[in-house]
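Q: Could we go through this model together, beginning with its surface and then moving to the secondary structure and the charged pairs?

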Amino acid sequence: MRQRGCGRSRGVDLHGRIPLEAFAAGAGPVVATTAGGLAETVIDNTTGYGAAPDDPRSLALAIGRALNAPPNEAARLRQAGEHLVAGRDYTNCITGVLAALSPWATGAAAAKP
């Protein structure tokens, strides 16, 4: 049986990184508000359950849905989350950002003729 977990962000996760880490760990179903980048990673009833930001009732309902999800639905959401994170390559992403913003940090400046 897979573990269910809960994490709390104290600010807005602009990039949806926290749910991606949960997906990579095989956790699920994942619950998140639709604030910031969370809405791009936790897609209601596709990769997890979404809740309106600053709405405790909405969040409680989403958590209830996750806790009471039938095993086949939980597995479907977990697999969708794992598929989403499998398409992300943090090393290339971060290297690309650093090369664009600070080429000296990655040696990109030295590679140019």
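A: A definition comes first: patches are made of residues with over 30% relative accessible area and no salt bridge, and nonpolar side chains are joined within 5 Å. Please also note that this is a predicted model.

Q: Which residues make the nonpolar surface patch?
A: Leu 59, Ile 63 and Leu 67 make a nonpolar surface patch of about 250 Å².

Q: Is Leu 67 buried or exposed?
A: Leu 67 counts as exposed because its relative accessibility is 56%, and the cut-off for exposed is over 50%. Leu 67 lies in helix α3, which covers residues 56–67.

Q: What is the reach of α3 from its first C-alpha to its last?
A: The 12 residues of α3 reach 16 Å, close to the 16 Å expected at 1.5 Å a residue.

Q: And which residues in α3 are buried?
A: Ser 58, Ala 62 and Ala 66 are buried in α3. They cover an arc of only 75° around the axis, so they sit on the same side of α3.

Q: What does the face turned away from the buried side carry?
A: That face of α3 carries the exposed residues Pro 56, Arg 57 and Leu 67.

Q: Let us change topic to the whole chain. How many helices and strands are there?
A: The chain has seven helices and two strands. From the N terminus on, the elements run α-β-α-β-α-α-α-α-α. Of the 113 residues in the chain, 27% are buried.

Q: In what sense do β1 and β2 pair?
A: β1 and strand β2 (residues 48–51) pair in the parallel sense, over four bridges. Val 31 stands opposite Tyr 49 in β2.

Q: Which side chains of β1 point to which face?
A: Along β1 (residues 30–33) the side chains alternate.

Q: Now the charges. How many salt bridges are there?
A: The count comes to two salt bridges, with a cut-off of 4 Å between a side-chain nitrogen of Lys or Arg and a carboxyl oxygen of Asp or Glu.

Q: With which residue does Arg 17 form a salt bridge?
A: Arg 17 forms a salt bridge with Glu 21, and the closest N and O atoms are 2.5 Å apart. Both residues lie in helix α1 (residues 17–24), four residues apart, which is about one turn of the helix. Arg 17 counts as partly exposed because its relative accessibility is 42%, and Glu 21 is partly exposed with a relative accessible area of 44%.

Q: And what about Asp 44, which residue is its partner in a salt bridge?
A: Asp 44 forms a salt bridge with Arg 65, with the closest N and O atoms 3.2 Å apart. This pair links distant parts of the chain: Asp 44 is in the loop between α2 (38–41) and β2, while Arg 65 is in helix α3, 21 residues apart. Asp 44 counts as partly exposed at 40% relative accessibility, and Arg 65 counts as partly exposed at 35%.

Conventions. Residues are numbered from 1 along each chain as its sequence is written. This is a predicted model: local features need pLDDT of at least 70, side-chain atom pairs count only at pLDDT 80 or more; totals for chains, interfaces and linings use all residues. Side-chain values use heavy atoms; hydrogens and water are left out. Patches are made of residues with over 30% relative accessible area and no salt bridge: like charges are joined within 9 Å, nonpolar side chains (Val, Leu, Ile, Met, Phe, Trp, Tyr) within 5 Å. Accessible areas come from the Shrake-Rupley method with a 1.4 Å probe; for residues, only the protein chains shown count as cover. Buried means under 20% relative accessible area, exposed over 50%, partly exposed in between (1.4 Å probe, protein chains only). Two strands pair if DSSP finds at least two bridges between them. The expected span of a helix is 1.5 Å times one less than its number of residues. The arc is that of the directions from the helix axis to the C-beta atoms.
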